[in-house]
Amino acid sequence: MSAQITMKTNVLVVGSGAVGVAASIEAREAGAKVLVIEQADHLGGAAAISGGGCCLADTPLQRERGIEDSADLAFDDWIRFGEGSADEVWARFYLERSSKDLFEWAANRGVNWVGVNMNEGNSVARWHAPEGGGGGIWHALHDTAVAQGVDTWMTSTAAKEFIVEDGRVVGVRAERGDSGDTVDIMADAVVMGTGGFASNLDMLREHRPDLREHRVLEGSHIGAQGNGHRILGEMGGITTHMDEVWFYVFAIPDHRDPKGRRGLVVRGVPDGIWVNAQGLRFHNEDLTGGASGAPAVMSQDPAYCWSILDSTMTDGISVSDPQYYVPGTSRNDPAKIAKLMEESPSIVSADTLDGLASQIGVPSGAFVDSVARYNSSVDQGLETDPDFGRPLANRRMIERPPYFALNFVPLARKSFGGVKTNLRCQPLDKHYRPIPGVYAAGELAGMAGGHINGKNGLEGTMLGPSLFSGRVAGAWAAKEAGFGAGFTETAAR
Ligand SMILES: Cc1cc2nc3c(=O)[nH]c(=O)nc-3n(C[C@H](O)[C@H](O)[C@H](O)COP(=O)(O)OP(=O)(O)OC[C@H]3O[C@@H](n4cnc5c(N)ncnc54)[C@H](O)[C@@H]3O)c2cc1C
């Protein structure tokens, strides 16, 4: 028989990912007693399995490497790349504080920033890499939170609904997955950090009816189910830009998923070419990002492609998914990758190009011509490919059998829209009035505010803003609970 348990805290944080660690540190440092619940049987959410990159502007590491950046330059890139649909106030709030309140803040709490990389849409390199990737950053912050006294992290505990008194959120009713017990957690303030909905195909299709026409894959952490959106919606919270989803197209269906819904992101195939179902190239394959590669593949009919490689190009294949990591790291286990290559029905090989065409069901003549034309451009030493402008320096021809084809299917990775909030992370109702007693941050809130990214993200613009908005939410939740002064540096407007 299941039991009913009641608990009490100052600040309850729902979700243990980026928001979970940032909000709990912030609230605890203000002096509040903090409790974290997590629906999965493990902690960390998407944050702990992420690449860990954060878009940060004008940091000490950039200066050390001679990279001249500023919040203004980053803001211009952000707004331009987002095609004008970003939340400008939140974008500026974040970028102006990203060096001090994220880079330095995290460094002071155990995060070791080790690199700065370039990404599509940025005028300078600003994708800051932490040591150990997303696992590195999440563990450092989790360790900090625990050391500061956030000692209750309840896994397999899913928030189901708010407990409400006089129109104010005073706690959360949760369910324990293992025992079925109901847990009522009463709190002076609640921070919702339940992540996005990129692992809920039904919800994706609800907000993007166009996706019903072709296959797309679920591709975030398994907890990204849109739970917080539903719970806040029941309190009258509004959402915005829910149709803006960040897709990657260098992904294959996960053959181990019994429902056939999940995908695996495949990297490390820089010399492959992409052909569509008609056996034709259609794009500069160097442009793989969510703003370039994704729309190119999604506009094919049907909306998938094959990445074509030869035997010299498969060595670097990596899969960004914990199933393929050496346990406890974010490094691929070569044996697991070899097994995937052998077993996955989405990875096909043949000794001839003709044979490959027939296996993947594309017209052989068109396919063999596409490869030959590309090879000839490489062979002639052309600077760029005449069809799609791909730079060809040091490129290899596709000529050594066996040949491989990877079936790339669009994969939903990140939700760019979400619950609308003000600059204190208070979710808003349809009259733009804050819902009392609760805060929303991270991917649930389109990373921050509702949609801090526009149509496209500069990369690193998900984890960074999720950590930052987590801090903001944690600080204001603590203040509401009677601790600290809130996140004192609000945007100057
Ligand atoms: C593989 C991968 C790589 C990525 N790499 C990058 C990157 O390099 N740079 C970047 O900027 N972004 C990256 N992202 C995106 C980034 O990780 C997320 O946007 C960010 O972690 C969001 O933080 P969050 O706290 O809102 O959500 P999460 O970190 O996902 O945490 C949410 C947590 O809430 C839990 N939860 C959900 N519902 C409930 C409930 N009802 N009750 C209790 N708990 C609940 C979930 O299980 C989850 O653990 C990546 C994402 C993925 C999946």
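Helix α4 and the protein around it

User: What covers the buried residues of α4?

Analyst: In this predicted model, the cover over the buried residues of α4 includes β3 (54-55), α5 (88-107), β12 (245-248) and α13 (463-480). Contact means heavy atoms within 4.5 Å, and buried means under 20% relative accessible area (1.4 Å probe, protein chains only). Helices (H or I, at least four residues) and strands (E, at least two) are DSSP runs, numbered from the N terminus.

User: Which residues of α4 are buried?

Analyst: In helix α4 (residues 71-81), they are Ala71, Ala74, Phe75, Asp77, Trp78, Ile79 and Phe81. An α-helix has 3.6 residues a turn, so residues three or four places apart point the same way.

User: And what follows α4?

Analyst: Glu83 follows α4, with a positive phi near 55°.

User: Turning to the whole protein, how many helices and strands are there?

Analyst: The protein has 13 helices and 22 strands.

User: What share of the residues is buried?

Analyst: Of the 493 residues, 60% are buried.

User: What about contacts between residues at least 6 apart in sequence?

Analyst: Among those contacts, 72% join residues at least 24 apart.

User: What box do the C-alpha atoms fill?

Analyst: Along the principal axes, the box is roughly 70 × 60 × 40 Å.

Key
Residues are numbered from 1 along each chain as its sequence is written. This is a predicted model: local features need pLDDT of at least 70, side-chain atom pairs count only at pLDDT 80 or more; totals for chains, interfaces and linings use all residues. Side-chain values use heavy atoms; hydrogens and water are left out. Buried means under 20% relative accessible area, exposed over 50%, partly exposed in between (1.4 Å probe, protein chains only).
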